[in-house]
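Welcome, and take a moment to look around. The briefing below walks through one structure topic by topic.

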Amino acid sequence: MKRRLLSLGSATILAGLFLPLRAADERPQGKARLSPQTFKHFQQVIRTDYVFRWRCLPWEINPGEAAQKAAREGKPILTFGGHDGVPLGFE
Amino acid sequence: MSTRERASRSLDKETVELLKTQYVLLAYPWGYGKVMTAGGKVILPQLDGHGPANGSFDPARLRKALALFRQLPQTARQPRVEDLPAEWRKAGYPTPPKGGLVLKLHGRAFGLDDGGKAHPFAGADGPMLDFFWMTEAEVKALVPPSPRKGDSFAMPNWFARRLRGYRMNTEALAGPLAGRVLSRHSEKTSTLTLSVEEVSAGEVHLGLHGSLPLRFAAWDVQNRRVPEGDYDCEFEFLGYLTYDRGKERFTRFDLVALGAVKRLGSFKRPKPEAGALTNGITFELSNGTVVESIPPYSLRNSQAQDYFSHEEP
């Protein structure tokens with residue numbers, strides 16, 4: 001009985017020691033954690049706009065100005081954007 | 001590969017040249033791939049499809065539109081200024097606040113394993129891009145008038161309020177399960193903190209850290225067991241800001257936010273190929289070009305006074 005109480009006590013102490021650690025462990029650790037060491041890595045993982053080649057095109061964003069330019073240069077207007085936004089802004 | 005990635009990759013050098021020299025390109029939500037004259041006559045209608053429809057930059061279609069355009073009389077191809085649609089002059093986007101700040105945001109959902117490796121998440125619709133606007137007063141409020149190394153202060157609440165309205169928070173995760181961010185997390189609050197890391201006569205270096213808990217409610221979820229929300233995403237922030245005291249503007253504003261998505265109740269969502277489902281956002285200064293002056297999506301779809309409001313709901 002005494003031995004059982006001792007082990008229960010030890011378990012409680014151990015639980016007391018490790019519970020806060022376990023709570024903290026809910027967040028990612030090491031390389032999966034955002035830190036000064038992993039900052040650039042995650043920037044590169046998230047920033048992927050380089051695949052969007054249309055961003056290099058000379059866009060107009062104002063219909064009135066686009067019309068004036070098209071009339072002046074004798075060119076048609078191509079529109080790019082829908083109800084979900086414009087892929088140069090919200091994608 | 002997402003639809004928009006496919007559309008982007010269809011742009012070869014020759015097509016880029018064709019677009020640059022033969023077209024006026026209008027980034028405006030009037031439809032994908034619609035070709036029209038300066039006077040508003042439609043030459044080719046917009047393409048069907050959700051998102052940047054494939055075919056917007058199809059060279060054969062672009063050449064066909066040019067051939068049709070050239071058959072039009074000169075007056076249609078080059079109308080007089082007074083013949084241009086008057087309503088177009090009133091159209092256009094709001095412009096960034098004078099003296100304020102424009103940040104460019106990228107968002108992406110992915111699986112994150114214990115080694116820090118990112119894995120694809122098929123439920124998401126590819127990377128997202130948006131902008132974050134601040135007024136001049138908001139920018140100035142981020143820099144203490146007499147900064148001392150080691151000082152720290154809470155990031156103003158309007159930052160979290162504004163970010164909660166961002167569609168990329170949900171769309172990056174969404175796929176077929178769109179959701180919305182609740183205006184307030186019922187259990188946690190933001191701990192975002194700015195710290196003064198270095199001060200010199202010319203510059204103030206600030207660090208941003210802390211967390212921003214967001215709670216989401218999904219649309220059309222059956223058998224809900226958590227009426228207050230369906231999943232949590234507590235973003236951990238880390239950032240480096242540099243303020244030029246002479247020019248009175250930020251010259252660096254690099255932030256990264258990573259949030260592990262935690263399911264509540266019975267809500268189910270697709271899993272990434274490996275690792276834990278994670279939503280990531282980066283922030284950086286925009287380059288000031290025309291295309292980076294497009295307003296934030298949540299501003300275009302609400303009133304400016306709501307977007308810039310500091311009032312907590």
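Strand 2 of chain A and strand 2 of chain B pair in the antiparallel sense over three bridges. Two strands count as a pair if DSSP finds at least two bridges between them, and strands (E, at least two residues) and helices (H or I, at least four) are DSSP runs numbered from the N terminus. This is a predicted model, in which local features need pLDDT of at least 70 and side-chain atom pairs count only at pLDDT 80 or more, while totals for chains, interfaces and linings use all residues. Residues are numbered from 1 along each chain as its sequence is written, and chains are lettered from A and ligands numbered from 1 in the order in which they are written.

- In strand 2 of chain B, Thr79(A) has Lys34(B) as its bridge partner.
- Strand 2 (residues 77-79) of chain A also runs parallel to strand 1 (residues 24-26) of chain B, joined by three bridges; here the bridge partner of Thr79(A) is Leu26(B).
- The open sheet has five strands in the order 1(A)-1(B)-2(A)-2(B)-3(B), and its pairing is mixed.
- Strand 1 (59-60) of chain A and strand 3 (42-44) of chain B stand at the edges with a single partner strand each, so one side of each has no neighbour in the sheet.
- Helix 3 (residues 59-70) of chain B packs on the sheet, where it touches strand 2 (34-36) and strand 3 of chain B. The direction of this helix makes about 140° with that of strand 3 of chain B.

**Two helices of chain B**

- Helix 2 (residues 13-22) and helix 3 of chain B have axes that come within 10 Å and cross at roughly 25°. Axes are lines fitted to C-alpha atoms, for helices over the stretch in contact, and angles run from 0 to 180 degrees between N-to-C directions.
- That makes helix 2 of chain B roughly parallel to helix 3 of chain B (angles under 35 degrees count as roughly parallel).
- Helix 2 of chain B brings Glu14(B), Thr15(B), Leu18(B) and Gln22(B) to the contact, and helix 3 of chain B brings Pro59(B), Leu62(B) and Leu66(B). Residues are in contact if their C-beta atoms, placed from the backbone, lie within 7 Å.

**Chain A and its side facing chain B**

- Chain A has three helices and two strands, following the pattern α-α-β-α-β along the sequence.
- Of the 91 residues in chain A, 35% are buried (20 or more other C-beta atoms within 10 Å of a residue's own; 12 or fewer means exposed, and in between is partly exposed).
- In chain A, 54 residues are in contact with 70 residues of chain B.
- Helix 3 (63-73) of chain A is among the elements that give two or more residues to this side, and it gives the most, with nine residues.

**Two residues of chain B**

- Where does Glu248(B) sit? Its place is in the loop between strand 11 (231-244) and strand 12 (249-263) of chain B.
- Glu248(B) has a positive phi of about 55° although it is not a glycine. Most residues other than glycine have a negative phi.
- Is Glu248(B) buried or exposed? With 12 C-beta neighbours inside 10 Å, Glu248(B) counts as exposed.
- Ala257(B) lies in strand 12 of chain B and counts as buried, with 26 C-beta neighbours inside 10 Å.
- Leaving aside residues up to four places away in sequence, Ala257(B) touches Phe235(B), Glu236(B), Phe237(B), Gly280(B) and Ile281(B).

Definitions and conventions:
Two residues are in contact if their C-beta atoms, placed from the backbone, lie within 7 Å. Angles under 35 degrees count as roughly parallel, over 145 as roughly antiparallel, 65 to 115 as roughly perpendicular and the rest as oblique.
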